[in-house]
Amino acid sequence: MLTVALPKGRIAEETLEIFAEVFGTDFAFSGRELIMEKAGFRFLNVRNQDVPTYVEHGAADIGVVGLDVITEKELDIVRLLDMRLGRCKVAIGIKNDEEIDWSRPHIKVATKMVNITRNYFASKAVGVEIVKLYGSIELAPLVGLADAIVDIVETGTTMRENGLKVAEEIMDSSAHLIANKNSFYAKKKEILALYKLLEEVVERRG
Amino acid sequence: MIYAHEIPGGSRLYFGESAALKRRIEAQAAQMLSEAGFVEIVTPFFSYHQHASFEDKTPLVRLGDGENHEVSLRADSTADVVRIVTKRLGRSSENKKWFYIQPVLTFPTKEQYQIGAEIIGGRFAEVVEKAHTVLEKIEIDAVLQIANIRIPQLLHTRYGIAIETLRASNIESLLQSDYPWIQKLVAINTAEDLESLDFYPEDIRAELMRMKEAVAHLSAKENIVVSPLYYANLRYYDALIFRIFKENVVLATGGEYRIEEVEAAGFAVYTDACIEYILKKER
């Protein structure tokens, strides 16, 4: 039996729709259920940020999580398949009437994604002071807490409504199927067989 | 503030049942290795040569000797054991098989107890067998994974696969390669998958053949997985390597290596991981 960690919400629902299409049966968590067993799988309903932890520690064999989370956490896992769900970008946001001045000695940036931010600014050879926040990141430049933000952008509406614009895109992200390293090698045939079935549906859906 | 009961993070404390278990594992391993002709060695905690073994010096706990020459705490036993037995004891001992039971210490405060063995001029199959036997003695039935570092190296240097793709185990990217044989390489999982190798280019085929022969020489036939694409950034290992794991716990690693023109083979069993696994199983 493969244990699959899914991020609560829309990505979990869409992933289960793909499983349903592959196996011809409905998969859905009922109510506040956190574990669902069906058709030879055990699905875990966990918080998005926790999916890689469950997979990396072997509590789940495989999981579905955003590429931004994989990159941010610098995980030692196996990357299997772009599920093409939850597409978004990681971008730098600044106030509408400003531009990023890359010639400044350092920039103060508010973000949840500390590693992605540090690595991106290091690649530009610009010193960065990172202010770690846990939510409402858009607020930081408006109240002078930071010069810019690094955050997830789906449609850009939240940034626009708060007087911010995308200054630069850092990376594209979407939900990926990942595997625990030991599980991948110990259950390779099973995991690659599932990979092929899911890939067919993902390709078909485009 | 440090409380009176605190110990540094990553350091090890065993008492009662766990300390007795540690002693038993080490005693059984020492007896088995001695009976197999290995001689025990205990190397210094302090070393002048560790920095030569580590490209990234971050794991080293560094200090100075009386003349302020750089000294490190032992972060890796293999390099020091090989250097001492070939450079210092080489004149007085013909012995080629050595074992040690001692911890390694890495920055900032990590301790890891190991049971290790090195065979100067030794072969892969012999060290796999010995590591496997240590685990058999303590009744851990784990997965033995055989890999070959040269295959990811060849994929990078001759076939243009990005090292990051291999390091990150990006299977999706590997499966999209222009080389159709890479897809077959990804799927290799057991010794049977190595039976027909005609499909692969000559250089890859030679390395797969090396893996096939290594597996054929093992007496254990169950629970073996073959992973030609397994990437490991190991310091001096240059060909066949192995890991032994159970669930998410790596219990032992080893393989063939070269240190300063000395060809050898060795392994380390991770005592702390064994203790943790056995206690968890018993509970």
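Contact here means heavy atoms within 4.5 Å. With that rule, nine residues of domain 1 of chain A touch 13 residues of domain 2 of chain A.

Some ground rules. This is a predicted model: local features need pLDDT of at least 70, side-chain atom pairs count only at pLDDT 80 or more, and totals for chains, interfaces and linings use all residues. Residues are numbered from 1 along each chain as its sequence is written, chains are lettered from A and ligands numbered from 1 in the order in which they are written, and side-chain values use heavy atoms, with hydrogens and water left out.

Back to the domains. Domain 1 of chain A is 2-86 + 174-205, and domain 2 is 88-173 (bounds from an automatic or database domain assignment). Their C-alpha centres lie 29 Å apart. They bury about 780 Å² between them, 44% of it on carbon and sulfur atoms. Buried area is the accessible area (1.4 Å probe) that two parts lose on being put together, summed over both.

What salt bridge joins the domains? Arg10(A) pairs with Glu154(A), at 3.4 Å, N to O. The rule: a side-chain nitrogen of Lys or Arg within 4 Å of a carboxyl oxygen of Asp or Glu.

Now the chains. Chain A brings 20 residues to the contact, chain B 25. The area buried between chain A and chain B is about 1,700 Å², with 45% from carbon and sulfur atoms. On the chain A side, Arg79(A), Asn182(A) and Tyr185(A) lose the most area to chain B, together 39% of what that side buries. One salt bridge crosses this interface. Lys189(A) meets Asp193(B) there, at 3.2 Å, N to O.
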